[in-house]
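The text after it takes them in turn.

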Amino acid sequence: MQDNSRTGGIVETDEPPGERLNISTVSHQKKTGPYIHRVPSQLWNDWRWQMLNRIRSIPELLKRFPGLNCSSDLERVASVYPMAITPYYASLIRRLDTSDPVFAMSVPQPAELCDPPFLSPDPLGEEKKMPVPGLVHRYPDRALVMATTMCAMYCRHCTRKRVAGSKESFIGASELARIVDYIRSTPAIKDVIISGGDPFTLPIDILERIIASVRSVPSVEIIRIGTRTPVVLPQRITSELTAMLRKYHPLWINTHFNHPVEITPESAAACARISDAGIPMGNQTVLLRGINDDPAIMEELCRGLVRMRVRPYYLFQCDLVKGVEHFRTPLRRGLEIMEYLRGRVSGLAIPTFVVDAPGGAGKIPLLPRYIVDHQPTFTELRNAEHRRVQYPEPATGHPSDGPHSPEA
Ligand SMILES: *Cc1c(COP(=O)(O)O)cnc(C)c1O
Ligand code: SF4
């Protein structure tokens, strides 16, 4: 399925790369969005070209979007929180203002510099949970490796705004050795998450060295990779990459789609290549004001994800991070969305709504109130249509007797 409406104002030609481009030689033109970049398709489809041609400064932004009217504050915002937008992701922009979800997630806004006092650069207290540099160990059985500070695109809503992009670097050999020593000496760790930044921005040999070192620890059962490249740089999911990854099973990938406009033929093909390598995919969405805080948009997103074999895993309440206040929604909004999804869409398409609690308290799931009343002999529940039902407790036993006694 080819949908030209999703390829921006790109002029693609069938010329071999490197040949001099002349507008009169252009064989086909798909001009539907405001992004302008004339380039042969071979280059466009090369992830390295996409990385090298990321929009990194306001003058470059204006060059690619001549119609953009931007405030002079943006230079200041981009100097505090770096900007990077891949040409592919920029080509998904349709309107040059924050009513466009891709624009709002990628282009700096003056609001990023307006922080209420309760926000912090590290609300999850990750820096305090690092037994060795580059490794966050917050839960007994899981640990998270910050493999790099680089991402293909710097999400304006990033929870690691303090590290992502501030300088583009990755863990060195000695840092990796210390991390692996720690994991080896902590056999309770069964699940290692390779995150960042975005690990798929790394050269394949460095990425493989990290994955192979973690895999060499016998007590590690599963490896997870968190990456947004299927969404912002789908060209990155090459057959070379998937061939390398599949050597390290059981491996899982969690990606980060936030809006149905991110589901394109390119991103769907990237997800299919990952799934076809036997790697199950999950998705972590961040609930963002004005972008996806709408039940119908979330339904469309979740349905689109399962069609691509990507399981909606978490819907995150926006963290209390400096620079993202303008994206925050009331907790009630997330609960309304969960209420709307349940009973309407396949259970496979429903994520768990979680708040990553301030101060490093960890992820807390939130559900609409399905328990109406809790008595020793019965519990009164209500279903998605608000019909009340009574569930009798077992005759032999009190709810507080068992090992799993619920708290009303
Ligand atoms: C989110 C997170 C995990 C993984 O949590 P799951 O609920 O298992 O997905 C592990 N470590 C850290 C530090 C995290 O933030
Ligand atoms: S890809 Fe992830 S780490 Fe990178 S900027 Fe986006 S949210 Fe942050």
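Which strand supplies the largest share of the shell around ligand 1? Strand 4 does, with three residues; strands here are DSSP runs of E, at least two residues, numbered from the N terminus. This is a predicted model, in which local features need pLDDT of at least 70, side-chain atom pairs count only at pLDDT 80 or more, and totals for chains, interfaces and linings use all residues. Residues are numbered from 1 along each chain as its sequence is written, chains are lettered from A and ligands numbered from 1 in the order in which they are written, and side-chain values use heavy atoms, with hydrogens and water left out.

Strand 4 (135-139), strand 5 (142-146) and strand 10 (310-316) each give at least two residues to the shell of ligand 1. The residues around ligand 1, meaning those with a heavy atom within 4 Å of it, are V136, R138, Y139, R142, L144, I193, R224, Y313, Y314 and K363. By class, six are nonpolar, none polar and four charged, where Tyr counts as nonpolar and Arg and Lys as charged.

Oxygen atoms of ligand 1 lie 2.7 Å from R142, 2.6 Å from Y313 and 2.5 Å from Y314. Taken alone, ligand 1 exposes 390 Å², and the protein buries 90% of that (Shrake-Rupley method, 1.4 Å probe).

Around ligand 2 are C151, M153, Y154, C155, C158, G197, R228 and H256. Five of these residues are nonpolar, two polar and one charged.

Technical notes: A polar contact is a pair of N or O atoms within 3.5 Å; within protein, one must be able to donate a hydrogen and the other to accept it, and residues adjacent in sequence count only if both atoms are side-chain atoms. Helices (H or I, at least four residues) and strands (E, at least two) are DSSP runs, numbered from the N terminus.
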